[in-house]
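Please keep the sequence and the 3D view side by side as you read.

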Amino acid sequence: MSQKPTVLITGASTGIGAVYADRFAKRGHDLVLVARDRAKLEALAQRLRRETGVGVDILPADLTDAAQIGAVEARLRDDARIGILVNNAGASLAGTFIEQTTEATAQLIGLNTIAVTRLAGAVAPRFVKAGTGAIINIASVVGLAPELGLTVYGATKAFVTYLSQGLQLELGPKGVYVQAVLPAATRTDIWAKSGKDVNAIPGMMEVDEMVDAALVGFDRRESVTIPPLPEAEQWTAFDDARKAMLPGFGRDRAAKRYQKAA
Ligand SMILES: NC(=O)C1=CN([C@@H]2O[C@H](COP(=O)(O)OP(=O)(O)OC[C@H]3O[C@@H](n4cnc5c(N)ncnc54)[C@H](OP(=O)(O)O)[C@@H]3O)[C@@H](O)[C@H]2O)C=CC1
Ligand SMILES: CC(=O)[C@H](N)C(=O)O
């Protein structure tokens, strides 16, 4: 059993989550791998046990199912060895807003936002009590870019970034580190699953490069990591512009432009 904190990773059966599993195993952390596909989780677990010698448990679960996410929450609450949560499981959707059904968007919102919030909520009290722990939430640059035409998906990812920033403010002073990772297009199965041809999209980052970059941000304890963004100052300027508005929100009169002419 590793002396390092165990890492629970959701969406570990493929793509970004599977690479996080590989990297944390190579760093010597025991793992708990969560996704729906038991066979893929077991194959990855066997490889990582064999190659790295760490302990790997699998916890198959559909995170949109109340009973199944409940089992993952219980593990996060009760297993004191778990010191890092990677909230990565997520999906995208084919089509435009008016082509998407309310059932499909509700399912997407459930996975990309409610599950992320519930799992963070299950583990945060224990982390705060211990005065240590880390939560990595996988958002997306799409959450900053309504122009990309992925409205509901992007809205779920804006939620994840906001949630992460809020949690970092609330939990950071109590010793808990929260990171939002905002990948841009990354070569994984998510594209085919949402009806897109991964090879037709320019600027596709390889998944190993994306996760390795995100882990550089993790090691630096960045609160927001955007792997492809060349100029970090652009994010700082964006965030500073937001903060500059805050004093303007606390006024008891409507702004002059909204006041009726006398
Ligand atoms: N690839 C990209 O371009 C980008 C991806 N992201 C985000 O990265 C995260 C990982 O996606 P990525 O690796 O690309 O895509 P993949 O489709 O490869 O991986 C998604 C993972 O989530 C799991 N998953 C999906 N639905 C459920 C569910 N209902 N319950 C439990 N697990 C589920 C899948 O496993 P299983 O099917 O076995 O359940 C799989 O392990 C997502 O949050 C995505 O939004 C962000 C920006 C860019
Ligand atoms: C739009 C996508 O499906 C992609 N995962 C992304 O966030 O860029």
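This is a predicted model: local features need pLDDT of at least 70, side-chain atom pairs count only at pLDDT 80 or more; totals for chains, interfaces and linings use all residues.

Residues are numbered from 1 along each chain as its sequence is written, and chains are lettered from A and ligands numbered from 1 in the order in which they are written.

Start with the sheet. It is open and has 7 strands, with parallel pairing, in the order β3-β2-β1-β4-β5-β6-β7. Strands here are DSSP E runs of at least two residues, helices are H or I runs of at least four, and both are numbered from the N terminus; two strands pair if DSSP finds at least two bridges between them. At the edges stand β3 (56-60) and β7 (224-225), each with a single partner strand, so one side of each has no neighbour in the sheet.

Now turn to β1. This strand (residues 6-10) has 5 of its 5 residues buried, so the rest of the structure largely encloses it. Buried means that 20 or more other C-beta atoms lie within 10 Å of the residue's own, exposed means 12 or fewer, and partly exposed lies in between, with C-beta atoms placed from the backbone. Both faces are covered, with T6, L8 and T10 buried on one side and V7 and I9 on the other. Strand β1 runs parallel to β4 (residues 82-87), joined to it by 4 bridges, and V7 has I84 as its bridge partner there. Another 4 bridges join β1 to β2 (residues 31-35), also in parallel, where V7 stands opposite L31. From β1 the chain passes through α1 to β2 in a right-handed β-α-β crossover, that is, a path from first strand over the helix to second that runs clockwise with the strands pointing away from the viewer.

What about the nonpolar core? The largest one has 68 residues, and I9, A21, L31 and L33 have the most contacts inside it. Such a core is a set of buried Ala, Val, Leu, Ile, Met, Phe, Trp, Tyr and Cys residues joined through C-beta atoms within 7 Å. Helix α4 (residues 102-130) gives the largest share, 10 residues.

In the loop between β1 and α1 you will find S13. This serine is buried, with 25 other C-beta atoms within 10 Å. Its C-alpha atom is separated by 5.4 Å from that of K40, 27 residues apart along the chain.

Finally, the ligands. Of the 28 residues around ligand 1 (C-beta atom, placed from the backbone, within 6 Å), G11, G15, R36, D37 and G90 come nearest. Helix α1 gives the largest share of this shell, 3 residues. By class, the shell has 11 nonpolar, 11 polar and 6 charged residues; Ala, Val, Leu, Ile, Met, Phe, Trp, Tyr, Cys and Pro count as nonpolar, Asp, Glu, Lys and Arg as charged, and the others, Gly among them, as polar. Around ligand 2 the residues include S92, Y153 and S194, and its shell has 6 nonpolar, 3 polar and no charged residues.
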